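Thank you all for coming; I would like to take a few minutes to walk through one model. Please have a look at it first, and then we will go through it together.

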Amino acid sequence: MDKSKRPFLKSKRSFRRRLPPIQSGDRIDYRNMSLISRFISEQGKILSRRVNRLTLKQQRLITIAIKQARILSSLPFLNNEKQFERPESNARTTGLRTRNK
């Protein structure tokens, strides 16, 4: 079929625009913990721009605010809730035998 004779096909997928995570009235500041905590993973890492859906300028400001909050001890550097738990079996040592002398 020729391209000029083909009927216009509309996409069947509906496009829903996601709302930006930072509203125009929100101040990106190290004291705004409710805003900052949304952009940190469970391990305490700063989430990437692609995951956050932020602009480059917003991501820079969020990163600076998180680092300032960490330095001022209002935010921990890492989340160590499960730091002292030991797993039941270690994969490297389960297959090893002990030698008797």
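Predicted model: local features only at pLDDT ≥ 70, side-chain atom pairs only at ≥ 80, totals over all residues.

Where does Gln43 lie? Gln43 sits in the loop between helix H1 (33–36) and helix H2 (49–52), where helices are DSSP runs of H or I with at least four residues, strands are runs of E with at least two, and both are numbered from the N terminus.

Residues are numbered from 1 along each chain as its sequence is written, and side-chain values use heavy atoms, with hydrogens and water left out.

The chain has three helices and zero strands, and from the N terminus the order is α-α-α. Of its 101 residues, 19% are buried, where buried means under 20% relative accessible area, exposed over 50%, and partly exposed in between, with a 1.4 Å probe and protein chains only.

Returning to Gln43, if we leave aside its neighbours within four places in sequence, this residue is in contact with Leu78 and Asn79, contact meaning heavy atoms within 4.5 Å. Gln43 and Asn79 are 36 residues apart in sequence, yet their C-alpha atoms are 5.2 Å apart in space. For the chain, 49% of the contacts between residues at least 6 apart in sequence join residues at least 24 apart.

Finally, Phe77 lies in the segment after helix H3 (56–71), and Phe77 is exposed, with a relative accessible area of 56%.
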